[in-house]
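Please read them beside the model.

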Amino acid sequence: MAELYEKMVREALAAQRADVDTISRNRGGKFKITDTKPYLDVVNEMTVADGQSKSVIDLHVNSVKTHYNTLVNLTDTIRPEDDPFVEHYQTPAVLEILYENDKSFKDSVDKFIEGIGKAEALIGREVVRRYGGFYGPTCVVDFALIPGSTSNIVNRILKNVDIPEVHKQAILSAKSWGMNTSYGIGEVFTTEVEEGRTLSDAIEMEVAMIKYIYESPIDAQAKLMDSMGHESFDVRKYMAEYKKKMTETVMNAVEDDVHYGNIVTVPAYCVGDISHHIAQSTYNMCKDDVVMAIIEATTGVMAETLNKALPNFKNEYEPLSLATGASACAVEYMLELDGFNAPMIVDLLTKRFHNYVQLYPTRGAAAELHNCDFMDMIYRGWKYLDKERRMKNGSRGKLAPEVAGYKVDLDPVHKNNVIMNPQRYAYPACAISVRFSALMRLADYPCLLTSEPVTATMMTNIIALHKENPASPARVCKNCASACLVDFRHCACQWKEAV
């Protein structure tokens with residue numbers, strides 16, 4: 001298994017470095033699709049270890065390859081307003097491939113769509129709660145089953161639909177790590193209410209929209225993009241081409257008995273680096289030296305920590321846990337260098353959320369999505385650091401928090417010339433909020449801190465070992481920062497009730 005762990009770490013860090021190095025090299029410049037080729041190159045080098053399913057690895061590799069080649073043939077660049085959606089075109093196509101080749105699955109989806117129509121009371125309650133900010137900051141398109149998330153609501157509906165369990169799990173996965181369209185539950189309801197519709201009419205329209213994204217995923221996604229004013233490329237051509245090129249790969253996975261929940265997940269979660277994480281919006285954000293340095297330092301902490309732990313990993317889940325735990329420690333540590341910590345930021349962003357709801361009742365369904373990711377990350381890091389500070393007491397020496405029994409190496413933070421010299425980026429005598437202010441930029445976009453390329457690569461490796469088990473959504477308590485520190489919403493969670 002040592003070879004497998006080494007492969008997981010090598011491939012994940014290569015994906016992260018492809019992103020970070022490309023952004024560092026091009027930040028402040030004009031984005032071109034071809035800038036993302038270094039990420040494609042490292043994905044193409046992914047291998048199949050003993051015990052892994054080749055068809056699962058192929059879902060990842062071929063999806064990234066198809067995504068890149070299709071985009072290159074459609075456009076030279078993508079404007080920032082359109083880049084968040086590039087990872088939302090894969091699951092609709094994959095679902096339709098499954099619909100067309102497996103009548104029993106399509107029949108189950110049709111029964112689920114009937115179930116959506118019968119769940120008007122549930123949907124009505126949940127969209128009203130989301131509209132009014134009842135749950136506090138929440139990820140409507142979250143990868144877990146937290147209160148207010150689309151996955152949470154889909155799970156509740158599925159529990160009352162009489163279809164095979166494996167099909168329920170696939171349908172649930174398709175709206176979690178698999179992204180069946182860009183739609184987040186509650187968007188239509190909110191817009192229609194603010195435009196003067198009655199609550200009953202708005203709920204009826206909401207139900208119709210939720211049905212639509214499962215009835216005709218590709219068409220629904222295309223029309224959603226029309227409504228958003230998407231103009232960077234022809235999304236219909238993209239999805240038609242992606243569907244054609246990925247059919248063989250998808251059907252090979254079906255023949256290999258890969259769980260449908262994984263088939264709808266893997267192809268979508270791995271493509272976001274091409275024209276989303278490596279994109280014009282990222283180039284613009286990373287013009288700021290401190291923002292770039294935070295990403296660099298966090299990457300360094302992950303890399304140093306993982307490489308030192310390599311000889312001692314005991315199972316395939318530990319590298320992923322350590323990678324995300326190490327990055328959480330790094331970000332929280334940089335926050336603490338300016339005298340802030342997670343409880344303070346969670347309080348701040350939760351209060352801001354409630355003001356934001358009042359200021360912008362038609363806010364996008366995903367508005368606070370990444371704020372939640374950021375808060376959850378620093379809250380996790382704070383717990384590790386807080387424990388280590390207590391154990392260290394007044395003794396000298398470096399702070400070395402533990403994640404899953406492994407020490408986190410924070411040296412890359414101290415060795416970063418920008419992070420350790422904030423006086424160069426503000427009024428020198430008063431530069432006490434420089435790192436904090438940069439971190440607040442990243443609170444809206446923490447994808448390379450959490451880190452998505454690392455998580456996606458490691459998850460594919462894990463899924464390839466357990467192809468028959470649906471990996472998404474996460475069937476664990478997410479330890480939502482807001483719910484743990486401010487809001488009382490655990491009672492509305494679904495993680496223990498996942499189908």
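1. Just after helix H11, Gly229 has a positive phi of about 75 degrees. Helices here are DSSP runs of H or I with at least four residues, numbered from the N terminus. The model is a predicted one, in which local features need pLDDT of at least 70 and side-chain atom pairs count only at pLDDT 80 or more, while totals for chains, interfaces and linings use all residues. Residues are numbered from 1 along each chain as its sequence is written, and side-chain values use heavy atoms, with hydrogens and water left out.

2. H11 itself covers residues 217–228, twelve in number. From its first C-alpha to its last it reaches 16 Å, close to the 16 Å expected at 1.5 Å a residue (the expected span is 1.5 Å times one less than the number of residues).

3. Which residues of H11 are buried? They are Pro217, Ile218, Ala220, Gln221, Ala222, Leu224 and Met225. Buried means under 20% relative accessible area, exposed over 50%, and partly exposed in between, with a 1.4 Å probe and protein chains only. The cover over these buried residues includes helix H4 (90–101), helix H10 (199–215) and helix H12 (235–255), where contact means heavy atoms within 4.5 Å.

4. The salt bridges come to 30, each being a side-chain nitrogen of Lys or Arg within 4 Å of a carboxyl oxygen of Asp or Glu. One of them joins Arg17 and Glu296, with the closest N and O atoms 3.1 Å apart. Arg17 lies in helix H1 (residues 2–26) and Glu296 in helix H16 (residues 289–309), so the pair ties together parts that are 279 residues apart in sequence. Arg17 is partly exposed at 30% relative accessibility, and Glu296 is partly exposed at 24%. Arg17 and Glu296 also belong, with Asp21, to a network of salt bridges.

5. Lys37 and Asp41 form another salt bridge, their closest N and O atoms being 2.8 Å apart. The two residues are four apart in helix H2 (residues 37–44), and so are separated by about one helical turn. An α-helix has 3.6 residues a turn, so residues three or four places apart point the same way. Lys37 is partly exposed, with a relative accessible area of 38%, as is Asp41, at 31%.

6. The structure holds five cavities of 30 Å³ or more. On a 1 Å grid over the protein atoms alone, a cavity is a set of points where a 1.4 Å probe fits but cannot get out, and a pocket is an open set with protein on both sides within 12 Å along at least five of seven lines; lining residues have an atom within 4 Å of a point. The largest cavity has about 50 Å³ of space. Its lining includes His60, Trp177 and Cys270. Helix H23 (452–465) and helix H14 (266–269) each give two or more residues to this lining, and H23 gives the most, with four. By class, the lining has seven nonpolar, three polar and no charged residues.

7. The second largest pocket has a volume of about 210 Å³. Helix H18 (342–359) and helix H19 (369–392) each supply at least two residues of its lining, and the largest share, four residues, comes from H18. Among the lining residues are Pro137, Arg363 and Asp444.

Key
Grid points are joined across faces, edges and corners, and a volume is the space filled by probe spheres set on the points. Ala, Val, Leu, Ile, Met, Phe, Trp, Tyr, Cys and Pro count as nonpolar, Asp, Glu, Lys and Arg as charged, and the others, Gly among them, as polar.
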